[in-house]
Amino acid sequence: MNLATNPAVRTVSDRKESFWFNGDRFIVPTCSNPLDPYLAMANRQRTAAGRPVLVGDWTATHFSCPCCPEVLRRLNPDLKVIVMLRDPIDRARSRFIEQIRMQRPLPGHGNNTQVSFPAYVARQLPVIEYCLQRAEPYAPDTPLGLMLRMQCHMWDHVLGYSVYDAFLANYFSYFPDKQILVSYMEELAREPMAVLRRIEAHIGAPPHEYDASRVSTIYNSRICYGWSCAGPSRSNASASGPSATAPGSVTNTTAADAAGAAGTAAAASGQASTDTAATASAQGAAGQGQSQAQALAQGQVQAQAQAQAQAQAQAQAQAQAQGAPASDRGLLVGVGAEVEGTGAAMDAAIQRLRAFYRPSMQQLFAWADQGRIAQVPPAWRAAYA
Ligand SMILES: Nc1ncnc2c1ncn2[C@@H]1O[C@H](COP(=O)(O)OS(=O)(=O)O)[C@@H](OP(=O)(O)O)[C@H]1O
């Protein structure tokens, strides 16, 4: 969302995500909302800007939405798509913790949030695998085969949304490769400016002098969800423990700053009335080089939980003092090490997930080798070899 501070770029709605096509609750998306109001929103942004601007939409939910690329192509066949991917296990863990902290229902668990990540994996993975087994007779490279695979993955937004190749293949079937920029959160964490420059070049926006402190700020982290508190990015966080964000340095931002949040992919497009942009993303970022899962497996869970609890308390107190709305005061429910997962159970869950994601990751590696997408972070090759 730093991109939205570029005067040449605007978001289609006044919020970060429009949720126009598939909503933010996990119904089966049909993309059936009428397009005219969406186009009208885009035109309002252009009129308000009073100059030619690129209008974009930012969300993690378009990527795993099977009907989205079709409707987006109808909106604008020249659309520029940006996909931001993260190590699939780190993404799944981030999502899992987010759901628990925000007390949102987990797939297959009703309202039960008393579940650890390893227990979640043990219960859900077989269900997805069974679904995939049933879909096997349909060749995966046919539209029906791909649709069935996506169906198996999309109902579990914790684990299934990390099966990137299925959702990316769907976008590839609606847009030429050159209109899809695949980027990696590991890179964003390490060199946010370089990633922003690549995105600007992709969408055709002039380079902008971004506010350096915003560029290196992480919003919506597991330390504090919502937009009222944020911490330094992994690229300049002080090494104050295994938690990438130093607890002492959590800062508050105003609601207006929400538009500057990074961490979700964005896309923007050209300028005609049907040019409205859309986005696909996979949530989150990983630490540099070593995945969080590995770090946890090395026994750092306890310290991390402590650091997070400290940061959470501080951030929430600050947000409350500033009168931020309750929904914006950061995470709501603390998550202990037992929920995050530890020890042998966690190791086993990670191993299972590595095996589960391997074929999908291998497909990404092949696309990277063919030059269809940017080279993947080297750590991925080692983890999913
Ligand atoms: N700039 C930057 N660098 C590194 N990491 C970042 C950055 N911005 C967001 N994040 C991490 O991304 C996770 C939240 O992703 P999203 O904002 O896309 O979430 S959401 O889909 O909009 O809910 C969340 O991950 P976890 O903290 O692991 O849960 C954020 O910490």
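Predicted model: local features only at pLDDT ≥ 70, side-chain atom pairs only at ≥ 80, totals over all residues.

In the UniProt record, an unreviewed entry, residues 60-208 carry the annotation "domain: Sulfotransferase".

**Packing of H4 and H5**
- Helix H4 (residues 117-135) packs with helix H5 (residues 143-154) at an angle of about 170°, the axes being 9 Å apart, and H4 and H5 are therefore roughly antiparallel to each other.
- H4 contributes Ile128, Cys131, Leu132 and Ala135 to the contact, while H5 contributes Leu148, Arg149, Cys152 and His153; by class, these are six nonpolar, one polar and one charged residues.

- The structure holds three disulfides, and one of them is formed by Cys131 and Cys152, with sulfur atoms 2.1 Å apart.
- Because Cys131 lies in helix H4 and Cys152 in helix H5, the pair ties together parts that are 21 residues apart in sequence.
- The link of Cys131 and Cys152 is left-handed, with -80° about the S-S bond; Cys131 is partly exposed at a relative accessible area of 26%, whereas Cys152 counts as buried at 1% relative accessibility.

- Cys31 and Cys67 form a disulfide with sulfur atoms 2.1 Å apart, and their link is right-handed, with 85° about the S-S bond.
- Cys31 counts as buried at 9% relative accessibility, and Cys67 counts as buried at 18%.
- Cys65 is joined to Cys68 by a disulfide with an S to S distance of 2.3 Å; this link is right-handed, with 85° about the S-S bond, and both Cys65 and Cys68 are buried.

Technical notes
Residues numbered from 1 in each chain as written. Heavy atoms only, no water. UniProt positions renumbered as here; feature names shortened; annotations may be inferred. Axes fitted to C-alpha atoms, helices over the stretch in contact; angles between N-to-C directions. Helix = DSSP H or I, 4+ residues; strand = E, 2+ residues; numbered from the N terminus. Parallel < 35°, antiparallel > 145°, perpendicular 65-115°, else oblique. Contact = heavy atoms within 4.5 Å. Nonpolar A, V, L, I, M, F, W, Y, C, P; charged D, E, K, R; others polar. Disulfide = S-S within 2.5 Å. Buried < 20%, exposed > 50% of the residue type's maximum accessible area, 1.4 Å probe, protein only.
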